[in-house]
Amino acid sequence: MESLLREDLPEIVSNGAFGKNLQYMSFELDKDTVIQDQYMSTVLFGTVTTSDESQHRVVIKLKLRDENKRIMFQIDFQFHNEITMYERIIPFLFECHRSMEGVGDWPTLTKFFYGRNKCGEFVEKDLIVLENINPLGFRLSEERLFLDYDHLLIALQALAKFHGLSYTAKYKDPDRFQEIIMDIRDTQFDADGQWIFKNNALSRFGKRGVDQLLERSGDLYRENEHLRRFNEITGDGNNSLKRALIPREPFSVVCHGDFNRNNMAFQYDEAGHPVDVLLFDFGTPRYGSPALDLSFFFYMNTRQNLRESRWDDLLNAYCLTLAESVPSGVRVPNRAELNSEMATFSYYGFARASFFLPHQLESNDIINVEMEEEEMLEFFLRLGGDIGSDIVADMVQHIVDMEYTNL
């Protein structure tokens, strides 16, 4: 960190990250939130003062110092993706959006100042500098896991605007669009084509939910055709996940890739109602069905009773905002077509939420990358205990009830 303050920030400022012809004056760490270790990075909060006396409240993301974690979570690729999104892909999407008539506002995103991803011997100097959104009035929801309808609604409207940028760009400049998305790196699979968890993990995550569902409602589901199909999909877990990630036209978009409560901040009115939402953390984007973002968000951040009571309302709101976010003549999926996307690609949301949501239930449990593969898998299968098994079973039940097994 001392090297960062002494050498890197002055160079970053002089290279124009905060404006032309400025020099670095000082950096002051925030006293309340000096350093936070997150899942994929370490972050510093502070204020950069430049020679024009401007003060820039920033968040500086650094790579984890643990080499095993960097390799396991493909942190180098995640830094590459986030920098590429902020430097190339998002500006291109916004440029296409601004060039068209009859379009509304775009989604609120974090301001990007600077990124470096040299890797190798320089890995400890790699960093991403973003605007600190807290002084702008944005904050994480108080509810850590499951969001209420108002939060879900405004988040889905923001996601629809973000997806709409892709449809507009594909319409405006399809060749450039296809060229620019080729720079996104895959972070789901290793160099050997294996998912992050080995030993048939996806099948076993699925079995956890299926066993619990049959224990509580066996008479209703034991002979269900879509439960049988779900078992086939999870039984071939890695290949099924790969199929879910294959882009299919005409509806594929640049997906956020990790769209859930942890990666969005809300702005509230005086009554405490969410009025805007800001999206951040673009380390795992990918080009694919909008259902990749939708399914993960729903299974991570909604309870079963809300899915059963407000599913149509939420998807209708997404479709309405999506249609309003693109100019006339740009093709976007209608509700029936979105239903088809959800029926085909929702396995992605389940695959990730089936282990991540139980992990969120036990925030004190830290992943030990020194574990053997089987030991780590058993660790994840135990997370959340009976409550974890129930919420995975709820996901399975919803997929089966909605007949989302067309993969």
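**Close-up 1. Helices H6 and H11 meet through a set of named residues.** In this predicted model, Leu202, Phe205, Gly206 and Arg208 of H6 contact Tyr347, Phe350, Ala351, Ser354, Phe355 and Pro358 of H11. Contact means heavy atoms within 4.5 Å. Helices (H or I, at least four residues) and strands (E, at least two) are DSSP runs, numbered from the N terminus. The axes of H6 and H11 lie 10 Å apart and the packing angle is about 75 degrees. That makes H6 roughly perpendicular to H11. Axes are lines fitted to C-alpha atoms, for helices over the stretch in contact, and angles run from 0 to 180 degrees between N-to-C directions. Angles under 35 degrees count as roughly parallel, over 145 as roughly antiparallel, 65 to 115 as roughly perpendicular and the rest as oblique. Residues are numbered from 1 along each chain as its sequence is written, and side-chain values use heavy atoms, without hydrogens and water. Local features need pLDDT of at least 70, and side-chain atom pairs count only at pLDDT 80 or more, while totals for chains, interfaces and linings use all residues.

**Close-up 2. Aromatic rings gather around Phe205 and its partners.** Rings of Phe, Tyr and Trp (its six-membered ring) pair if their centres lie within 6.5 Å; planes under 30 degrees apart count as stacked, over 60 as edge-to-face and the rest as tilted. The count comes to 21 aromatic pairs. Trp195 and Phe205 have ring centres 6.4 Å apart and planes at 85 degrees, so this pair is edge-to-face. Trp195 sits in the loop between helix H5 (174–181) and helix H6 (201–221), and Phe205 in helix H6, so the pair ties together parts 10 residues apart in sequence. Phe205 also pairs with Phe355, and here the rings are stacked: 5.7 Å centre to centre, with 25 degrees between the planes. Phe355 belongs to helix H11 (residues 335–361), so its pair with Phe205 in H6 ties together parts 150 residues apart in sequence. Ring pairs link Trp195, Phe197, Phe205, Phe355, Phe379 and Phe380 into a cluster.

Close-up 3. Buried means under 20% relative accessible area, exposed over 50%, partly exposed in between (1.4 Å probe, protein chains only).

**Close-up 4. Lysines sit over phenylalanine rings at Phe79 and Phe122.** A charge sits over a ring if NZ of Lys or CZ of Arg is within 6 Å of the ring centre and within 35 degrees of the ring normal. Lys63 lies over the face of Phe79, 5.2 Å from the ring centre. Lys118 lies over the face of Phe122, at 5.8 Å.

**Close-up 5. Strand E7 (residues 127–131) is mostly covered.** Four of its five residues are buried. Strand E4 (residues 55–63) pairs with E7 in the antiparallel sense over five bridges. Two strands pair if DSSP finds at least two bridges between them. Leu62 stands opposite Leu127 of E7. Strand E6 (residues 112–116) is also antiparallel to E7, over four bridges. Phe112 has Leu130 of E7 as its bridge partner.

**Close-up 6. Three strands form an open sheet in the order E5-E10-E9.** The pairing is mixed. Strand E5 (108–109) and strand E9 (264–268) are at the edges with a single partner strand each, so one side of each lacks a neighbour in the sheet. E5 and strand E10 (residues 274–279) run parallel, joined by two bridges. Leu109 has Leu279 of E10 as its bridge partner. Helix H4 (residues 149–172) lies across E9 and E10, at about 45 degrees to E10.
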